[in-house]
Amino acid sequence: MSQGVGVVGLYVRDQDEAVQFYVGKLGFRVHTDARNGDYRWLTVQHPEQPSFQLGLFLPQPPVLDAATAQTVREIVAKGAMPPLVLMVDDCRAAYARMRALGVEFTQEPVDRYGAVDAGFRDPSGNGWKMIEAQREQG
Amino acid sequence: MSQDPELLRRLLRAKDRMDGASHEAWPVMRLARVSGVSQAHFARSFKEAFGVPPHRYLLTRRIERATALLRDTDLPITEIAFETGWNSQGTFGRTFRDITGENPQALRAREKATPHEPELVPGCYLSAAHRPSLTIAVSEKRRQEAGATKDGSEETEVP
């Protein structure tokens, strides 16, 4: 596939902390980590999804003015950014593994309409749902 | 009004804890402890951050959950009342009606009569979309609906 969404970015409060979380705890890999002065283009990738990069960006000047950057940091910390969904084969196993690594879960695995889902946040406040792929869909 | 993101992140943790166990009692003392701030600071900052006082936020989550249980299960209403954190079916029914404008029984009957196709939207987001908006206190809402009686007594809204 050569067309489609390539990068979607998240705002994070600290990029080192974000790498520790997404790589160290969720098992993503760093795809690009390029610094240019204070600016750092940082993307990570799910090991099973080579066509997609998740950007971990700092809301910062000069891309954003200082006041806007502050507002974005507040919005992220309030958990007001849009929903994120991570698909997994086994939600309960992933939950146990991630919890042992210190991931902050907001919801334990729950069975809903035959699918299991759990909820967690990254250190910045971005909220994820972790959903077990339904068997009939492969 | 700007708030410290680090404080907001800790307030969010308290909000998450209410989300995760809205049937439990969440006195300000308990919430403040989760956020690591004083009780007075917590109540003020929470409202500033999330637009409603913490107890009212809790109420909207309970009603949201009760609504989902009424719609998606056949649990008796008494059981739904207890499961969502009320001490009596009476208080539950009254608060539910005050907030949503209809009785739990009526909502269940109406929802069961309507076909649903929820599979494409994760359940929790779908549920949040139906969360009641509670921009004024339930006691204030009651007063307004009662035709603005002169009774100014402050009714506590936490059941």
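# Reading a two-chain model

Guide: The contact takes 21 residues from chain A and 17 residues from chain B, where contact means heavy atoms within 4.5 Å. This is a predicted model, in which local features need pLDDT of at least 70, side-chain atom pairs count only at pLDDT 80 or more, and totals for chains, interfaces and linings use all residues. Residues are numbered from 1 along each chain as its sequence is written, chains are lettered from A and ligands numbered from 1 in the order in which they are written, and side-chain values use heavy atoms, with hydrogens and water left out.

Visitor: How much area do chain A and chain B bury between them?

Guide: Buried area is the accessible area (1.4 Å probe) that two parts lose on being put together, summed over both. Here chain A and chain B bury about 1,600 Å², with 54% of it on carbon and sulfur atoms. A:Ala77, A:Lys78 and A:Tyr113 supply 33% of the area that chain A buries against chain B, more than any other three residues.

Visitor: How many salt bridges are there between chain A and chain B?

Guide: Side chains of opposite charge can pair when their charged atoms come close. The rule for a salt bridge is a side-chain nitrogen of Lys or Arg within 4 Å of a carboxyl oxygen of Asp or Glu. Between chain A and chain B the count is three. A:Arg121 forms a salt bridge with B:Asp16, and the closest N and O atoms are 2.5 Å apart. Over all chains, the structure holds 18 salt bridges.

Visitor: Which elements give two or more residues to the side of chain A that touches chain B?

Guide: Helices (H or I, at least four residues) and strands (E, at least two) are DSSP runs, numbered from the N terminus. The elements are H2, S5, S6 and S8 of chain A. H2(A) gives the largest share, four residues. By class, this side of chain A has seven nonpolar, five polar and nine charged residues. In this scheme Ala, Val, Leu, Ile, Met, Phe, Trp, Tyr, Cys and Pro count as nonpolar, Asp, Glu, Lys and Arg as charged, and the others, Gly among them, as polar.

Visitor: What is the order of the strands in the open sheet of chain A?

Guide: Strands of a sheet pair through backbone hydrogen bonds, either parallel or antiparallel. Two strands pair if DSSP finds at least two bridges between them. The four strands have the order S5-S8-S7-S6, with mixed pairing. Strand S5 (84–88) and strand S6 (104–112) are the edge strands, each pairing on one side only. Strands S7 (residues 115–121) and S8 (residues 127–132) of chain A run antiparallel and are joined by five bridges. In S8(A), A:Met130 is the bridge partner of A:Ala118.

Visitor: Which strands does helix H1 of chain B touch?

Guide: Axes are lines fitted to C-alpha atoms, for helices over the stretch in contact, and angles run from 0 to 180 degrees between N-to-C directions. Helix H1 (residues 5–20) of chain B packs on the sheet and touches S6 and S7 of chain A; its direction makes about 25° with that of S6(A).

Visitor: Which two residues of chain A does a cis peptide bond join?

Guide: Most peptide bonds are trans. The cis bond here joins A:Pro61 and A:Pro62, with omega about 5°. A:Pro62 is in the loop between strand S4 (53–57) and helix H2 (66–77) of chain A.
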